[in-house]
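Student: Please take me through this model one element at a time, and state each cut-off when its term first comes up.

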Amino acid sequence: MRPDQAEFAEFYGANRDGCLRAVLANVGNRDLAEDLVADAFAKAWNAWPKIRRHPAPSAWVVRTALNAGVSRWRKRRRELPLADSDAAAPVVVSDDGDVALMAALRRLSERQREVIALRVFLDLDTDAAAQVLGIAAGTVSAHLARAVATLRRELAPAPGVGLERSTIRTVQ
Amino acid sequence: MNDNDVLERVRVALSGVHMHEPVEAIVAKGSARRRRQGIGLAVTAIAIGGILATGLVAVNSSHGGSSVRDTALRPTGSGQPVHVHLAGFWLDSYPGGGGGTLTLIKGGPIDANVLRQDLADAGIPAVVTAGQFCDNHVADSGALDQVVSSRRQADGTVLTTFTSNAIPNGLEISIGVFPKGARFGLATANASLNCDSTSPNFR
């Protein structure tokens with residue numbers, strides 16, 4: 001294996017799950033997320049001499065995947081003018097996660113989901129997330145605070161009802 | 001639930017999600033994409049050749065090579081952040097007239113129409129032309145240094161940074177896209193342009 005390919009393989013191995021989770025949290029569809037992330041990693045390999053020097057290559061992959069997702073949605077929208085908006089698209093998570101949580105994530109704004117994904121799944125700090133998104137650090141903090149407040153409200157158990165941990169389903 | 005509980009629940013909820021595609025498949029997909037881009041580049045070169053030929057005829061038949069501005073070149077964006085990553089260039093702009101970074105990728109095809117639209121979307125006033133460079137001889141060359149700075153990186157990538165809010169009133173950036181590079185300048189907005197299809201001696 002060539003040295004650059006070995007380096008890319010190491011990068012892919014270390015970041016593929018985090019990138020997939022970040023994209024899945026945004027698009028809500030496992031198959032679509034895998035497809036988008038695979039394409040984004042392929043683009044990263046295609047431009048690896050440059051991407052390897054990016055301050056946050058995994059964030060580049062996630063952004064590329066999400067941008068491609070938007071492009072696909074726009075194309076599909078043109079092809080199917082009667083199709084409903086993305087917001088109304090069904091959430092398809094099969095057994096890959098907490099259905100209530102995924103539904104709550106889908107109700108966040110696109111930017112709030114991006115911030116959550118970068119912070120939680122890629123472990124970027126506020127400044128790094130701000131740089132990736134091209135917004136101010138204070139704006140990242142504001143989006144995160146609003147997103148967390150919304151999720152807390154949506155996920156809070158009804159009065160007198162305990163949190164049902166059994167709703168968290170994971171597949172190893 | 002406190003904030004950390006919420007974020008932990010998000011983290012745990014997807015902890016069982018794994019990417020199963022082997023790296024060999026990713027590399028193969030990227031290599032196939034590179035081959036397709038090579039074919040696309042050849043097609044683009046042929047198309048640019050056609051545009052150049054057409055452009056030369058047009059310039060020769062006009063008044064000494066001067067050209068009236070095409071209204072389709074005018075920026076139309078509202079200055080929203082734009083993040084475009086294509087094979088030929090990356091454009092990342094910032095809101096509020098804070099400028100942006102345009103990265104030209106060595107050997108990558110640059111579609112002048114796409115670049116023109118993306119700059120317009122970013123609210124960066126620019127004239128983008130394929131196969132020719134257009135300006136109207138703005139005398140203050142120092143102004144360009146305030147707006148545009150470029151440096152070539154080790155891999156040949158040219159990193160060009162724009163500072164939109166440094167563009168003097170009444171001027172806009174002019175970018176001529178050639179097969180081997182791009183040329184930058186300033187032009188007076190809403191004025192006739194002089195266009196030169198001679199490719200600069202890119203090094």
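**Strands, helices and the contact**

Student: Helix 3 (residues 112-121) of chain B lies across strand 5 and strand 9 of chain B; at what angle does helix 3 run to strand 5 of chain B?

Tutor: This is a predicted model, in which local features need pLDDT of at least 70 and side-chain atom pairs count only at pLDDT 80 or more, whereas totals for chains, interfaces and linings use all residues. Residues are numbered from 1 along each chain as its sequence is written, and chains are lettered from A and ligands numbered from 1 in the order in which they are written. Helices (H or I, at least four residues) and strands (E, at least two) are DSSP runs numbered from the N terminus, and axes are lines fitted to C-alpha atoms, for helices over the stretch in contact (C-beta atoms, placed from the backbone, within 7 Å). With angles running from 0 to 180 degrees between N-to-C directions, helix 3 of chain B runs to strand 5 of chain B at about 175°.

Student: In which order do the three strands of the open sheet in chain B lie?

Tutor: Strands count as paired if DSSP finds at least two bridges between them, and the edge strands, each pairing on one side only, are strand 5 (126-130) and strand 10 (181-188) of chain B. Five bridges join strand 5 to strand 9 (residues 171-178) of chain B, and these two run parallel. The twist averages 20° from one strand to the next. The pairing of the open sheet is mixed, and its order is 5-9-10.

Student: Which residue of strand 9 of chain B stands opposite Val128(B)?

Tutor: On strand 5 of chain B, Val128(B) points one way together with Ala126(B) and Ala130(B), while Val127(B) and Thr129(B) point the other way. Val127(B) stands opposite Ser174(B) in strand 9, whereas the residue opposite Val128(B) is Ile175(B).

Student: How many of the five residues of strand 5 of chain B are buried?

Tutor: A residue is buried if 20 or more other C-beta atoms lie within 10 Å of its own, exposed if 12 or fewer, and partly exposed in between, with C-beta atoms placed from the backbone. Across the 203 residues of chain B, 33% count as buried. Strand 5 of chain B is largely enclosed by the rest of the structure, because the number of its five residues that are buried is five.

Student: How many of the 11 residues of helix 6 of chain A are buried?

Tutor: Chain A has eight helices and zero strands, and 41% of its 172 residues count as buried. In helix 6 the buried residues include Gln112(A), Ile116(A) and Val120(A). Helix 6 of chain A is largely enclosed by the rest of the structure, because its count of buried residues is nine.

Student: Is Asp123(A) buried or exposed?

Tutor: Asp123(A) lies in the loop between helix 6 (110-120) and helix 7 (126-133) of chain A, and its phi is near 60°, a positive value in a residue other than glycine. Because it has 11 other C-beta atoms within 10 Å, Asp123(A) is exposed.

Student: Which element gives the largest share of the side of chain B that touches chain A?

Tutor: The contact takes 39 residues from chain A and 31 residues from chain B. On the chain B side, the elements that give two or more residues are helix 1 (3-13), helix 2 (23-60) and strand 2 (83-85). The largest share, eight residues, comes from helix 1 of chain B.

Conventions: Two residues are in contact if their C-beta atoms, placed from the backbone, lie within 7 Å.
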